[in-house]
Amino acid sequence: MFLLLFFVLLIQFFTYWIFEPLASFLEYVLEIRFFPIVALIGLVFLFSAKNIEQDE
């Protein structure tokens with residue numbers, strides 16, 4: 001049981017160690033710098049979608 005717990009904690013530590021810098025960088029870039037561009041693209045995509053429920 002303790003061996004399983006050790007492996008789970010080891011996997012969580014290495015996952016945090018590998019992905020935390022990438023997640024921190026993406027959070028900084030997407031939140032501060034590219035938010036207006038992402039929001040504009042999202043709004044254009046949202047309002048330019050074709051109506052799927054058209055009668056044929």
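Modeller: Happy to; we will go from the fold to the rings and then to a side-chain contact. Please keep in mind that this is a predicted model.

Biologist: How many helices and how many strands does the chain have?

Modeller: Helices here are DSSP runs of at least four residues, and strands are runs of at least two. By that assignment, the chain has two helices and zero strands.

Biologist: What share of the 56 residues counts as buried?

Modeller: A residue is buried when its relative accessible area is under 20%. The accessible surface of the chain comes to about 6,000 Å², and carbon and sulfur atoms hold 75% of that. Of the 56 residues, the buried share is 2%.

Biologist: How many buried residues does α2 have?

Modeller: Helix α2 covers residues 35-47, with 13 residues, and spans 18 Å between its first and last C-alpha, close to the expected 18 Å. This helix is hardly covered, and its count of buried residues is zero.

Biologist: Where in α1 does a kink lie?

Modeller: End to end, α1 reaches 45 Å over its 32 residues, close to the 46 Å expected at 1.5 Å a residue. Even so, there is a kink of about 40 degrees, shortly before the proline P21, and its place is F19.

Biologist: Which geometry do the rings of F13 and F14 adopt?

Modeller: The structure holds three aromatic pairs. For F13 and F14, the ring centres are 5.4 Å apart and the planes meet at 65 degrees. Planes over 60 degrees apart fall in one class, so the F13 and F14 pair is edge-to-face.

Biologist: And which geometry do F14 and W17 show?

Modeller: Their ring centres lie 6.1 Å apart, with the planes at 70 degrees. F14 and W17 are three residues apart in helix α1, which puts about one helical turn between them. Because the cut-off is over 60 degrees, the F14 and W17 pair is also edge-to-face.

Biologist: How far is the backbone oxygen of I11 from a polar atom of the side chain of T15?

Modeller: T15 lies in helix α1 and is partly exposed, at 38% relative accessible area. A polar contact needs N or O atoms within 3.5 Å. Between the I11 backbone oxygen and the T15 side-chain polar atom, the distance is 2.7 Å.

Notes:
Residues are numbered from 1 along each chain as its sequence is written. This is a predicted model: local features need pLDDT of at least 70, side-chain atom pairs count only at pLDDT 80 or more; totals for chains, interfaces and linings use all residues. Side-chain values use heavy atoms; hydrogens and water are left out. Buried means under 20% relative accessible area, exposed over 50%, partly exposed in between (1.4 Å probe, protein chains only). Accessible areas come from the Shrake-Rupley method with a 1.4 Å probe; for residues, only the protein chains shown count as cover. The expected span of a helix is 1.5 Å times one less than its number of residues. Rings of Phe, Tyr and Trp (its six-membered ring) pair if their centres lie within 6.5 Å; planes under 30 degrees apart count as stacked, over 60 as edge-to-face and the rest as tilted. A polar contact is a pair of N or O atoms within 3.5 Å; within protein, one must be able to donate a hydrogen and the other to accept it, and residues adjacent in sequence count only if both atoms are side-chain atoms. The bend at a residue is the angle between axes fitted to the seven residues ending there and the seven starting there.
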